[in-house]
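Thanks for coming, everyone. Please bring up the sequence and the structure on your screens, and we will walk through a few places in turn.

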Amino acid sequence: MATEPADVLIIGAGASGGVVARRLSEAGFRVVCLEQGDWHDKSEYRGPELDWELTMRKQWSTSPNVRGLPQDYPIDETDAEISPLMYSAVGGSMLIFAGAWPRMLPSDFRVRSLDGIADDWPIDYHELRPYYERTDREFGVSGMGGDPAYPVGGEDPPLPPLPIGAGGLKVARAHARLGWHWWPEPNSILSVPYDGRRPCVQRGTCQQGCNEGAKASTDLTHWPKAIAAGARLVTGARVRRLETDATGLVTGATWLDREGQEHFEPAKVVVLAANAIGTPRLLLLSASPAHRDGLANSSGLVGRRLMMHPFANVGGLFDENLESWQGQFGCSIESFEFYETDERRGFVRGAKWGLAPTFGPINAALPSRAGTQVWGADHHLHVRSHLGRGANWGIFGEDLPDEGNQVTLSGTLTDGSGIPAPEVHYKVSENSRRLLDFHIEKASESLLEAGARTVEVDRLMRYSGWHLLGTARMGDDPKTSVLDRWNRAHDVPNLYVVDGSCFVTSAGVNPTSSIVALALRAADHMVETRFDQQVPV
Amino acid sequence: MSLEPRVLDPPEQATLAALAEHLIPAAHGMPSAGVVIDERRLRFVLGARPDLLEALRAGMRPDLPADPAARLIVLERDEPETLSKLLLVIVGAYYTDRLVRDQLGYPGQQAITIQSWKYPQYLEEGLIDQVLARGPIWRDPTTGRTAIEDRPRTLTTDTHEIGRPR
């Protein structure tokens, strides 16, 4: 095994890990990454196959607890109202994410100042914008510039927008009549050939892996380039804990291979990119006599303030066949009409809406998200009225941080290597419930104006914890934050966290574009300060 | 002739056919699931989802009521997980049948070439212009109010360039 310490050891080969690995390896750093999952080939994804809607509920479920694959770790979610979702692989959860790519808005960085609640970020929108533009180019983002939901200026998305489909057009016309905002959704899905990858074919199976490689994931967009630049990626490597020396610096990671053999990977700097469940789990697992409450946890905030974006689905059913089983999934259009705070509504902050396709006949036939099921002769009418005739507004409400929503270590549940599993404690706040109720009402109005004959609502989807945020927040004060403004641990100067754990507040948008922009910013800082970086002797 | 053992024995197969017929009978031009779901369709579902076999067998137990409606009520009350998986077997077997899909007009998830060089309908109709005409809607953190911009918004994407990577 390795004897020479890596310049940088990255834990996790997903979205943020891939971005940091590519930036640092291309800058000449000796990079090693430990990833518990494996590579996937595009041919493994089931989208074009007859069994797509069967396997999406088990092998290609977004929940590790449902999949139960050897590389997954189980999550005790008995005390959680929303189930955390993720995927362990090179490319990480990007393999199963939708690809929607909105940015945070300026107000998202100033929630305390503007709304008197939660906290402000130590950075602002304009500081992050250049990184959004760079990561848009790295991943290949399709979209349309000029959206008045954002400040003017800067680069447009590098690729033209994806089609908005028949449903998107109906809703766009409705919003024109209502005088409401809408815009073609930016997606990290190619509308044209780009960087050696093929464009989207509108199959609508993005969340079970993209067979075309049109949807961005770092196994396609970053890891090949990082490896070409010298990075070493070890798959099937499950990290048990981070080790530290007497000075408090991290010295590397102890990990287990697929056969259960233990190894130690030494490093000068460690970067955690294991998502907002896996990262606090690992920091808590790294407790020692010198760090009794876990590593980098003098603030007591490691694992706390978990945010997961309570999600509602508002589905409009139309008389005509929109062939809504096709299209990027991903979203076709978005609306920020009710995104900013209006205190007259009885809650603070807001939500972005994204219009998504529907699924195939198995999904139409089974009990719906809204709980509707019809059997007997009318079953056929029910399926015909749902299949291809839907347009779904997905509503991501801003989730305010609450220290009671947290990740701890289970005393009883372990993964396949005997390592304690994470235990998630999460309750949906009163603000979130009021926010969702208001937005459900408005989204229903949107769809009815678009011509829907009826609207079906899932008020709070349990399996909607795609967005894992906030469990090692950044900030300027070490007493009230885990990381500094450059994603470096206040307590451990050679430890960085670059995944969604660093979020101060959650915003009300899909977070991956912000996660990778923040990760690239952190990597730039590592490059710029490389000669000042404290490392173990 | 296949030498593989059948997924279900004849009494279990008869129970499944009655249940499938009860849930999805022939009507409105569609065939009965009791007829469509044969050994081949079951094997297809269980090939994709071997974890469903246990629930399928459990749902066919002779100690449950023979009447399909009564059987479903008991399963829903006492074994909702079994019922949920059993419904997936039946629905999965029925809707992966080629004839059923043809009759529904569902061709499967197809690969469709994006015509990204085409001028989008929403631009033709001026729907984006209407959004732009309303001006900015983002909240300016320096004032706490909706942003004010000193000149009208125009579409920054050069639509003549649609279809070409920049």
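The second largest pocket in this predicted model has a volume of about 800 Å³. Grid points are joined across faces, edges and corners, and a volume is the space filled by probe spheres set on the points. There are 35 residues that line the second largest pocket, and the closest to its centre are A:P163, A:I164, A:G165, A:A166 and A:Q202.

Which element gives the largest share of that lining? Helix 6 of chain A does, with five residues. At least two residues each come from helix 6 (165-178), strand 11 (351-356) and strand 12 (390-397) of chain A, and likewise from helix 8 (121-124) of chain B. Helices here are DSSP runs of H or I with at least four residues, strands are runs of E with at least two, and both are numbered from the N terminus. Sorted by class, the lining of this pocket holds 19 nonpolar, 14 polar and two charged residues, where Ala, Val, Leu, Ile, Met, Phe, Trp, Tyr, Cys and Pro count as nonpolar, Asp, Glu, Lys and Arg as charged, and the others, Gly among them, as polar.

A word on conventions before we go further: residues are numbered from 1 along each chain as its sequence is written, while chains are lettered from A and ligands numbered from 1 in the order in which they are written. Since this is a predicted model, local features need pLDDT of at least 70 and side-chain atom pairs count only at pLDDT 80 or more, although totals for chains, interfaces and linings use all residues, and side-chain values use heavy atoms, with hydrogens and water left out.

Let us return to A:Q202, which is found in the loop between strand 4 (183-184) and helix 7 (218-221) of chain A. Is A:Q202 buried or exposed? With a relative accessible area of 9%, A:Q202 is buried, since buried means under 20% relative accessible area, exposed means over 50%, and partly exposed lies in between (1.4 Å probe, protein chains only). Phi of A:Q202 is near 65°, a positive value in a residue other than glycine. Most residues other than glycine have a negative phi, and most peptide bonds are trans.

Two further places can be read with that in mind. Phi of B:H28 is near 50°, again a positive value in a residue other than glycine; B:H28 sits in the loop between helix 1 (10-23) and helix 2 (33-36) of chain B, and is partly exposed at a relative accessible area of 42%. In chain A, a cis peptide bond joins A:F329 and A:G330, with omega at about -5°, and A:G330 belongs to the loop between strand 9 (311-317) and strand 10 (333-335).

The largest cavity has a volume of about 110 Å³, and of the 15 residues lining it, A:C200, A:R203, A:G204, A:C206 and A:C210 lie nearest its centre. The second largest cavity contains about 70 Å³ of space, and its lining includes A:H40, A:K42, A:Y45 and also A:C210.

Finally, the two chains together. Chain A and chain B bury about 5800 Å² between them, 66% of it on carbon and sulfur atoms, buried area being the accessible area (1.4 Å probe) that two parts lose on being put together, summed over both. Of the area that chain A buries against chain B, A:L50, A:L54 and A:H380 supply 13%, more than any other three residues. The contact (heavy atoms within 4.5 Å) takes 77 residues from chain A and 62 residues from chain B. Between the chains the count is three salt bridges, a salt bridge being a side-chain nitrogen of Lys or Arg within 4 Å of a carboxyl oxygen of Asp or Glu. One of them is between the side chains of A:E337 and B:R134, at 3.1 Å from N to O.

Terms used: On a 1 Å grid over the protein atoms alone, a cavity is a set of points where a 1.4 Å probe fits but cannot get out, and a pocket is an open set with protein on both sides within 12 Å along at least five of seven lines; lining residues have an atom within 4 Å of a point.
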